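Please keep the sequence and the structure in view while reading.

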Amino acid sequence: MRRWLILCLLPSLAMADRWVRYTSGPFEVLTDAGERAGQETMVRFEEFRHSLGVIVGEEDLATPQPVRILVFKNAQGWTSPAPLTECRDRYAIVLSEKSPVPPAVYGELTRLLLDANTNRMPAAFEHGLIEFFSTFQISGIHITVGAPPPQPDLDFARIHLLVAAPEYFGKLRVLLYNLRKGVDDDPAYHNAFGKSAAEVEAQARQHFAARQFPTTTISSRPMAPDDFHEKPISDTDVRLARADLLAGPQSAAEYQSLLREHLKIPESEEGLGLLALRDHHDSEARAHFSAAMEAGAKSPRCFIEYARLEPDNEKARQALLRAAGINPKLDEPFAMLAARDTDPRQRLADWKNAAERNPRNASYWQALADCYLADRNFTEAAKAWREAEQAAADPAKREQMRQARLAVEGQRLDYEAAEKQRRAD
């Protein structure tokens, strides 16, 4: 009888899902579709990261939080609400075993990597890069780029020309570097290509009008699937990874199940808090975040969201300091601390920390400039306004920042004249 039971159980044991995990750079791949699927997925995304880095001239592109890629053999309802979703303590991408990576995933990943690694470029270039890399293709490690999206526009055509044309490709990174450093268009183009911005733009318009977008290749980074080795992963970690997709009742049930089994598990409390927050149940969310912190939470988002809901200023401040300590790359804790600071010196330091971690946020630079002006540090205020001008995505806002920068010299002269008069009096 015992032998018969064992023989009956063997098929079900063999069919049980076995999850494997791989990590490299900012990426973590989790899959129940087998080792090869996990390794090939890692190659695909690492080559994508390499290719974008080649174009923008930045090596080893990073993200402020890890990017988890779940490859399901059968998703069974575990889906993500967006191509790239910010979950509990990382970003998440959901893929099916035998389906290609959707263009929207590559597009959003391009946006994330640009945001995290480069100063802001003109909107036309950023949009063009996102459209261009949305159609990224790879076979093995053979990289193909340049296939047009369903509705190619001038921004896509401009990037396509600068990548596909040999006379531009090797110098494109020079142009992009100049643009994100705030160099005006004509000097930036002349420095990169020896041509005016108008000349290159005319070519881009002709290229767009022709509607001929042949694909081209980018040199790959030497790697093979076998270069990535399986990392241990527990059943609890897999269940948390699925629940962290915040798939409504399904995630809530998984979090509750883990709590029943493990009594205290901070990740489940935090996840339940995020679900409650999404449903606008703030008091319930705050209780879950508090329980997660007491249980030893290690996710900065738990402390950030708790601080947002905590009326006690000192408790909120301590939570934000804890979040900043867990992940020093994040700008949000410093911005929230600055908004609560009453000490001008500390407020200035916190806005400086926030702006340095997220130089694309013009409001951070504007707040920092105001702090420098209050401290009568006109030189640093002008620098902060310059950074705000570069970070502004809207042309009208950019002009507003430029005028504020130009006004600093007048403010300095007025202050010095007033001080001179005060001393005379």
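**From the sheet to the helices**

The model is a predicted one, in which local features need pLDDT of at least 70 and side-chain atom pairs count only at pLDDT 80 or more, whereas totals for chains, interfaces and linings use all residues. Residues are numbered from 1 along each chain as its sequence is written, and side-chain values use heavy atoms, with hydrogens and water left out.

The chain as a whole has 20 helices and eight strands. Both kinds of element are DSSP runs numbered from the N terminus, helices being H or I with at least four residues and strands being E with at least two. The C-alpha trace spans about 105 × 60 × 35 Å along its principal axes. Of the 425 residues, 47% count as buried; buried means under 20% relative accessible area, exposed means over 50%, and partly exposed lies in between, with a 1.4 Å probe and protein chains only. Among the contacts in the chain with a separation of 6 or more, 59% come from residues 24 or more positions apart. Contact here means heavy atoms within 4.5 Å.

S1 belongs to an open sheet of five strands, ordered S1-S2-S3-S5-S4, with mixed pairing. Two strands pair if DSSP finds at least two bridges between them. At the edges are S1 (20-24) and S4 (85-86), each of which pairs on one side only. Strands of a sheet pair through backbone hydrogen bonds, either parallel or antiparallel.

Both arrangements can be followed from S2. S1 and S2 run antiparallel and are joined by five bridges, and tyrosine 22 has valine 29 as its bridge partner in S2. These two strands form a hairpin with two residues between them, and glycine 25 in the turn has a positive phi of about 55°.

Aspartate 60, in the loop between helix H2 (35-56) and S3, has a phi near 55°. Its relative accessibility is 60%, and aspartate 60 therefore counts as exposed. Histidine 280 lies in the loop between helix H12 (266-278) and helix H13 (282-294), and its phi is near 65°. Histidine 280 counts as exposed because its relative accessibility is 68%.

The helices can be taken in pairs. Helix H3 (residues 103-117) packs against helix H4 (residues 123-133) at an angle of about 140°, with the axes 7 Å apart. Axes are lines fitted to C-alpha atoms, for helices over the stretch in contact, and angles run from 0 to 180 degrees between N-to-C directions. H3 and H4 are therefore oblique to each other; angles under 35 degrees count as roughly parallel, over 145 as roughly antiparallel, 65 to 115 as roughly perpendicular and the rest as oblique. The crossing of H3 with H4 is right-handed, a term for a near helix turned clockwise from the far one by less than a right angle, with anticlockwise giving left-handed. Tyr106, Gly107, Thr110, Arg111 and Leu114 of H3 meet Glu126, Leu129, Ile130 and Phe133 of H4. This contact comprises five nonpolar, two polar and two charged residues. Ala, Val, Leu, Ile, Met, Phe, Trp, Tyr, Cys and Pro count as nonpolar, Asp, Glu, Lys and Arg as charged, and the others, Gly among them, as polar.

With helix H15 (residues 313-326) the angle is about 155° and the axes are 9 Å apart, so H15 and H16 are roughly antiparallel. Their contact involves Asn313, Ala316, Arg317, Leu320, Leu321, Ala323 and Ala324 of H15 with Pro333, Phe334, Met336, Leu337 and Arg340 of H16. By class there are nine nonpolar, one polar and two charged residues in it.

With helix H17 (residues 344-357), H16 packs at about 155°, the axes being 8 Å apart. That angle makes H16 roughly antiparallel to H17, and their crossing is left-handed. Among the residues in this contact are Phe334 and Leu337 of H16 and Trp351 of H17.
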